[in-house]
Amino acid sequence: MRIIVVGSGYVGLVSGACFAESGVNVTCVDVSADKIQHLKDGAIPIYEPGLEDMIKRNVEKKRLSFTTDLKEGIDGSEVIFIAVGTPPGEDGSADLKHVLSVAKEIGQVITKHMVVVTKSTVPVGTSEKIRKVIQNELNKRKVSVPFDVASNPEFLKEGAAVDDFLKPERIVIGIDNEKTGEIMKRLYMPFVLNNHPILFMDIASAEITKYAANAMLATRISFINEIANLCDILGADINNVRKGIGSDSRIGSKFIYPGTGYGGSCFPKDVKAIIKTAHDNGYELNVIKAVEKANEYQKNVIFSKMTMFFKSNLKNRVIGIWGLSFKPKTDDIREASSIILIEKLLQAGAKVKAYDPAAMEEAKKHLGNKIEYAADPYAALIDVDAMALMTEWAEFHLPDYKKMADLMKGKVIFDGRNIYDPDELNRLGFKYFGIGRR
Ligand code: NAD
């Protein structure tokens, strides 16, 4: 089988590589000539465990290739995936300009039957827009080429994307005819040998499923963050409360870890987009609006704790930051709480030294030389007045506390992910501030 994946970012590249791994012949397309040249040279533009080896292996086997020209992969292909970005527009709605520009290009080049599958996260009705744009281009060409559209939202998690794609908990596919369903089933069969389901449904339901999933996960995060803040005020420990509620099977223990608010390229924009979709259709999603508001508050929670500790005098304080990516095992800093904290600290006149195992290059693109980038975690602590743990990378879990104490001028730890033991740190002479930890 031969397919094309348009958009070679986190989703497109991982999907393309994983389909190639299953024996499919995949052409990955991107508008960025730089990105494609890097990929052709064997350089992987994103950090994602397991991806580099998989790409190399499949390029060598000639099952995976890269191009900027959609036409190059078109001969013999049966399916085109659209996996380009859908950033938030100014009003919060998903900006479809990249998706629709790919649809236009598809209409300009297809010559035989094709299934056009949207993997990007898009609002209800987008597949119909894609269908119209393609048909319009075919009309302009005065040709009649049959094609179908389908919706196949992606649920992979950055940091575990390859594993998630190879062993998905479920695959959601929105279709409007059986033939498309058969093609998609054949393509995905190798990934459901674990008996996890392929859920076929109508296109609108598939489109909304992705937003509903992200909104639900964001809701759990904001919920537990609010309870943690209440624990802070009332002198309770969120870890006890979390275990107390998580052991109820109706609630479960996943996704109820408090922190510094959700970030990344998906939750913030998808929450905004579903609120906007509902609003545009005359309905207000009050719960999800509150989730967003609670998250905005939470992104400032460490800064507020620092401001209180330093009695609003952060000028010339030096703060060490561990972790820049929005979560571990990725170099993605989009909407990361660390960046919001750093910007606030700089505004308040503080100086920042930061370390991250993977995201420093990305952070440099955003923050330039406004902060110091440390060569290792301990170098980020030399002579600091306090440190903040912002991303729970594995290597930060059991640090050498003695070394930290020797290096830090002020032995103050703000633990944005609740990974340290407050009692132990207090015993070692540190002042510890977590999220809802008494
Ligand atoms: P990304 O920004 O990493 O990659 C998008 C790629 O599309 C870029 O390389 C860009 O150059 C390319 N592109 C843009 N316009 C193009 C065009 N006209 N032709 C060809 N290429 C084009 O984005 P991403 O994180 O991979 O997300 C893609 C979509 O998948 C979004 O809708 C996102 O919401 C969704 N999604 C993302 C994740 C995630 O964890 N990142 C998970 C599930 C779903």
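Leaving aside its neighbours within four places in sequence, which residues is Thr 180 in contact with?

**Entry 1: Thr 180 and the ground rules**

I began with Thr 180, which is found in helix α7, residues 178-188, where helices (H or I, at least four residues) and strands (E, at least two) are DSSP runs numbered from the N terminus. I found Thr 180 in contact with Val 115, Asp 148, Ala 150 and Ile 175, once neighbours within four places in sequence are set aside; contact here means heavy atoms within 4.5 Å. Thr 180 counts as buried at 1% relative accessibility, since I take buried as under 20% relative accessible area, exposed as over 50%, and partly exposed as in between, with a 1.4 Å probe and protein chains only.

I note that this is a predicted model, in which local features need pLDDT of at least 70 and side-chain atom pairs count only at pLDDT 80 or more, while totals for chains, interfaces and linings use all residues. Residues are numbered from 1 along each chain as its sequence is written, and side-chain values use heavy atoms, with hydrogens and water left out.

**Entry 2: helix α5**

Next I looked up α5, residues 126-141, which has 16 residues and reaches 23 Å from its first C-alpha to its last, close to the expected 22 Å, the expected span being 1.5 Å times one less than the number of residues. Its buried residues are Thr 126, Ser 127, Ile 130, Ile 134, Glu 137 and Leu 138. Why do they lie on the same side of α5? They do so because they cover an arc of only 115 degrees around the axis, the arc being that of the directions from the helix axis to the C-beta atoms.

On the face of α5 turned away from its buried side I found the exposed residues Lys 132 and Lys 140. After α5 comes Lys 142, whose phi is positive, near 55 degrees.

Grid points are joined across faces, edges and corners, and a volume is the space filled by probe spheres set on the points.

By this rule I count 1 cavity of 30 Å³ or more, and the largest cavity holds about 30 Å³ of space. Its lining is made of Thr 118, Ser 120, Thr 121, Val 122, Ser 151, Pro 153, Ala 206, Glu 207 and Lys 210, and α8 gives the most to it, with 3 residues. By class I find 3 nonpolar, 4 polar and 2 charged residues in this lining, with Ala, Val, Leu, Ile, Met, Phe, Trp, Tyr, Cys and Pro taken as nonpolar, Asp, Glu, Lys and Arg as charged, and the others, Gly among them, as polar.

The second largest pocket has a volume of about 440 Å³. Of the 19 residues that line this pocket, Asp 232, Val 301, Lys 305, Met 308 and Gly 434 are the closest to its centre. The elements giving two or more residues to the lining are α8, α11 (286-298), α12 (301-309), α16 (422-427) and β14 (431-433), and α12 gives the most, with 5 residues. The lining has 9 nonpolar, 5 polar and 5 charged residues.

Where is Ser 312 found? I located Ser 312 in the loop between α12 and β9 (318-322), and Asn 316 is found in the loop between α12 and β9 too. Phi of Ser 312 is near 65 degrees, a positive value in a residue other than glycine, and Asn 316 has a positive phi of about 65 degrees although it is not a glycine. In general, most residues other than glycine have a negative phi. Ser 312 is exposed, with a relative accessible area of 61%, whereas Asn 316 is partly exposed, at 49%.

**Entry 3: Lys 327**

Last, I turned to Lys 327, in the loop between β9 and α13 (337-347), which counts as partly exposed at 23% relative accessibility. Not counting residues up to four places away in sequence, Lys 327 touches Lys 157, Glu 158 and Thr 391.

Definitions and conventions
1 Å grid on protein atoms, 1.4 Å probe; cavity = no way out; pocket = protein on both sides within 12 Å on 5 of 7 lines; lining within 4 Å.
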